[in-house]
Amino acid sequence: MKTRILIAGILFLTGSLSAQQRVVNGLVTAYNNLPIANVEVLSEGTGSRILTDSLGQFSLVCETKDVIRVKSKTFNEARKRVRAKTETVHIKLQMEPTPEN
């Protein structure tokens, strides 16, 4: 009997943990909503990474209360927190000041 309860508890926990991961769609822009391609987008919780497409769009596996981080060579790093009901995010990048610009 104890074994059955233990197995049921493990199955319940496994199911609820995997239910917290989901796909979040997003858009990365700069300036006046100009899409930014080939920018690295990563989930700090799951460790998944992807590059934005030519329209600045991405889809990323995230967890609830995760943080999405966007990294680029020419723009400042940006972070966006994923909430329980977050399905899409719009991340606006700002130019990183350098001696060249």
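The legends below describe several close-up views of one predicted protein model.

In this predicted model, local features need pLDDT of at least 70 and side-chain atom pairs count only at pLDDT 80 or more, while totals for chains, interfaces and linings use all residues. Residues are numbered from 1 along each chain as its sequence is written, and side-chain values use heavy atoms, with hydrogens and water left out.

**View 1. The whole protein and its order of elements.** The protein has one helix and eight strands, which run α-β-β-β-β-β-β-β-β from the N terminus on; helices (H or I, at least four residues) and strands (E, at least two) are DSSP runs, numbered from the N terminus. Of the 101 residues in the protein, 27% are buried, where buried means under 20% relative accessible area, exposed over 50% and partly exposed in between, with a 1.4 Å probe and protein chains only.

**View 2. The open sheet of four strands.** The strands of this sheet follow the order β4-β3-β6-β7 with antiparallel pairing, two strands being paired if DSSP finds at least two bridges between them. Its edge strands, β4 (49-51) and β7 (78-81), each pair on one side only. Strand β3 (residues 40-43) and β4 are joined in the antiparallel sense over three bridges, and Ile 50 in β4 is the bridge partner of Val 41.

**View 3. The largest nonpolar core.** This core holds 17 residues, of which Val 28, Val 41, Phe 58, Ile 68, Val 70, Ile 91 and Leu 93 touch the most other members; a nonpolar core is a set of buried Ala, Val, Leu, Ile, Met, Phe, Trp, Tyr and Cys residues joined through side-chain atoms within 4.5 Å. The elements that give two or more residues to the core are β1 (21-30), β5 (57-63), β6 (67-71) and β8 (88-93).

**View 4. The surroundings of Phe 58.** Not counting residues up to four places away in sequence, Phe 58 touches Val 24, Asn 25, Gly 26, Leu 27, Val 28, Val 41, Ile 50, Thr 52, Val 89 and Ile 91, where contact means heavy atoms within 4.5 Å.

**View 5. Thr 86 in the loop between β7 and β8****.** Thr 86 counts as buried because its relative accessibility is 12%. The side chain of Thr 86 reaches the backbone nitrogen of Arg 83 at 2.8 Å. Residues up to four places away in sequence aside, Thr 86 touches Arg 22 and Val 24.

Note on methods: Polar contact = N/O pair within 3.5 Å; in protein donor to acceptor, adjacent residues only side chain to side chain.
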